[in-house]
Amino acid sequence: MTSVSPHKKAKALKPTSRRPAKELCSECGLCDTYYIHYVKEACAFINQQIGELEAQTHTRSRNLDNPDELYFGVHQDMMAARKQQPIEGAQWTGIVSSLAIEMLNRGLVEGVVCVQNTKEDRFQPMPIIARTPEEILAARVNKPTLSPNLSVLEQIEQSGMKRLLVIGVGCQIQALRAVEKQLGLEKLYVLGTPCVDNVTRAGLQKFLETTSRSPETVVHYEFMQDFRVHFKHEDGSTEMVPFFGLKTNKLKDVFAPSCMSCFDYVNSLADLVVGYMGAPFGWQWIVVRNDTGKEMLDLVKDQLDTQPVMSQGNRKEAVQQSIPAYDKAVTLPMWAAKLMGVVIEKIGPKGLEYARFSIDSHFTRNYLYVKRNHPEKLEAHVPEYAKRIVEQYKLPD
Ligand SMILES: Cc1cc2nc3c(=O)[nH]c(=O)nc-3n(C[C@H](O)[C@H](O)[C@H](O)COP(=O)(O)OP(=O)(O)OC[C@H]3O[C@@H](n4cnc5c(N)ncnc54)[C@H](O)[C@@H]3O)c2cc1C
């Protein structure tokens, strides 16, 4: 068992409002625990160390000369999948929740770190360690806000738990991997989701009010592969807003500074990643990074329809054109945005090429953000793979 004394000491020293990453803090929750002691090494925004942590987790860092690894990180396998019987109310078909339930039911883990919402607010995150399938199910669907998932880490040590599954996004998982050895666990499983453009709760409100016709009834939304935001409302209806019609001038500052400086869209350090952006419309995208991830996926394979990943189209021109358009906060009139959405859906990138489109657009934007706002961090903070991706494009100063 790991000694806890250094953590206790750190807690005693901890002022409650301490956030060493300052404005770049993604509120992952680490600093709410006595593991704040490790924050200078562990925080994704203070100490970028994805390559080293990839080697620690997957036995090697990604091969930058392999085009798929450059973009999607270390992996053994990728596929498109969907549950034969989707879970109602899940973000997609509920592969994440199903996997967590299966691992708990089979006794592979004693608890699952996941995030429910508070009683008062469907989008206010409330991280928990779930110990029953019901508690896991109650955490289904995205809370599209910064969520302090690691704030429950102290409870793990206190509970004496030895086998744990953590569900989380890239910044949470990077900090988790950095303190993994201090948790005293026999086995840690990590189920990641890709993540981009997250917001504070106040930022989410602004996004909903600026973009949806009925912000108060939105239960779920996603930036879909058909280049539209799909809002699902309480009455079951779906509202679709083309990406190109978003009020960029009003939304420019809505995303958290941490997300504007993030280069781990694909959750490089998880054992298994479940997203959607590398899959055809309507399907989820699975990336198996290592043997632990394969072991996890095998548990639910008989509940899934799967198909090989595909890739179609060429993203490059669309990405290059979007760089100055975003920079100048260009917003198209809705008729033009709809038309552009229809055209790009027909001829635009699909499958893995859509994922590359999204990664390129976000990495170029984020590179410019860090360069302009934190120039002293640029060299060390941007991982080598992201520099190579950004180098493909011509950027404004
Ligand atoms: C903020 C956010 C942004 C995302 N952006 C993308 C994207 O750009 N491209 C892409 O391919 N996929 C993205 N995803 C993943 C995708 O939206 C789905 O979450 C994923 O495909 C799993 O769907 P599901 O139906 O299997 O999940 P469900 O069974 O509904 O389970 C969802 C799980 O997500 C966890 N969760 C919810 N909110 C958070 C949060 N804020 N932080 C950490 N964990 C959370 C819950 O604990 C729950 O276990 C994002 C996810 C999140 C949380």
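Q: How many bridges pair E4 with strand E5 (residues 187-192), and is the sense parallel or antiparallel?

A: Two strands pair if DSSP finds at least two bridges between them. Here E4 and E5 share six bridges and run parallel. Helices (H or I, at least four residues) and strands (E, at least two) are DSSP runs, numbered from the N terminus. This is a predicted model, so local features need pLDDT of at least 70, side-chain atom pairs count only at pLDDT 80 or more, and totals for chains, interfaces and linings use all residues. Residues are numbered from 1 along each chain as its sequence is written, and side-chain values use heavy atoms, with hydrogens and water left out.

Q: Which strand pairs with E4 over three bridges?

A: That strand is E2, and the sense is again parallel. Gly111 has Leu164 in E4 as its bridge partner.

Q: How many residues of E4 are buried?

A: Buried means under 20% relative accessible area, exposed over 50%, and partly exposed in between (1.4 Å probe, protein chains only). E4 spans residues 163-168, and five of its six residues are buried.

Q: What about E10: how many of its residues are buried?

A: Strand E10 (residues 284-288) has five of its five residues buried.

Q: Which way do the residues of E10 point?

A: In a regular strand the side chains alternate between the two faces of the sheet. In E10, Gln284, Ile286 and Val288 point one way. Trp285 and Val287 point the other way.

Q: Which strands are joined to E10?

A: Strand E1 (residues 77-83) is joined to E10 by five bridges, running antiparallel. E9 is joined to E10 by four bridges, also antiparallel. Val287 of E10 takes part in both: Met78 has Val287 as its bridge partner, and Val273 stands opposite Val287.

Q: Now the ligand. Which residues come nearest?

A: A residue is near a molecule if one of its heavy atoms lies within 4 Å of it. There are 33 residues around the ligand, and Trp92, Ser97, Val141, Lys143 and Tyr276 come nearest.

Q: What is the make-up of that shell?

A: It divides into 17 nonpolar, 13 polar and three charged residues. Here Ala, Val, Leu, Ile, Met, Phe, Trp, Tyr, Cys and Pro count as nonpolar, Asp, Glu, Lys and Arg as charged, and the others, Gly among them, as polar.

Q: Which elements each supply at least two residues of the shell?

A: They are helix H5 (95-105), strand E2 (111-117) and strand E9 (272-275). H5 gives the most, with three residues.

Q: Which residues other than glycine have a positive phi?

A: Most residues other than glycine have a negative phi. Lys22 has phi near 50°, and Val141 has phi near 75°. Lys22 lies in the loop between helix H1 (5-13) and helix H2 (39-42). Val141 lies in the loop between helix H6 (133-137) and helix H7 (153-159).

Q: Is Lys22 buried or exposed?

A: Lys22 counts as exposed because its relative accessibility is 67%. Val141 is partly exposed, at 22%.

Q: How many disulfides are there?

A: A disulfide is a covalent bond between the sulfur atoms of two cysteines. The cut-off used is a pair of cysteine sulfur atoms within 2.5 Å. The search of the whole structure finds zero. Cys31 is in none, and the nearest cysteine sulfur, in Cys25, is 6.2 Å away. Cys31 is buried, at 11% relative accessibility.
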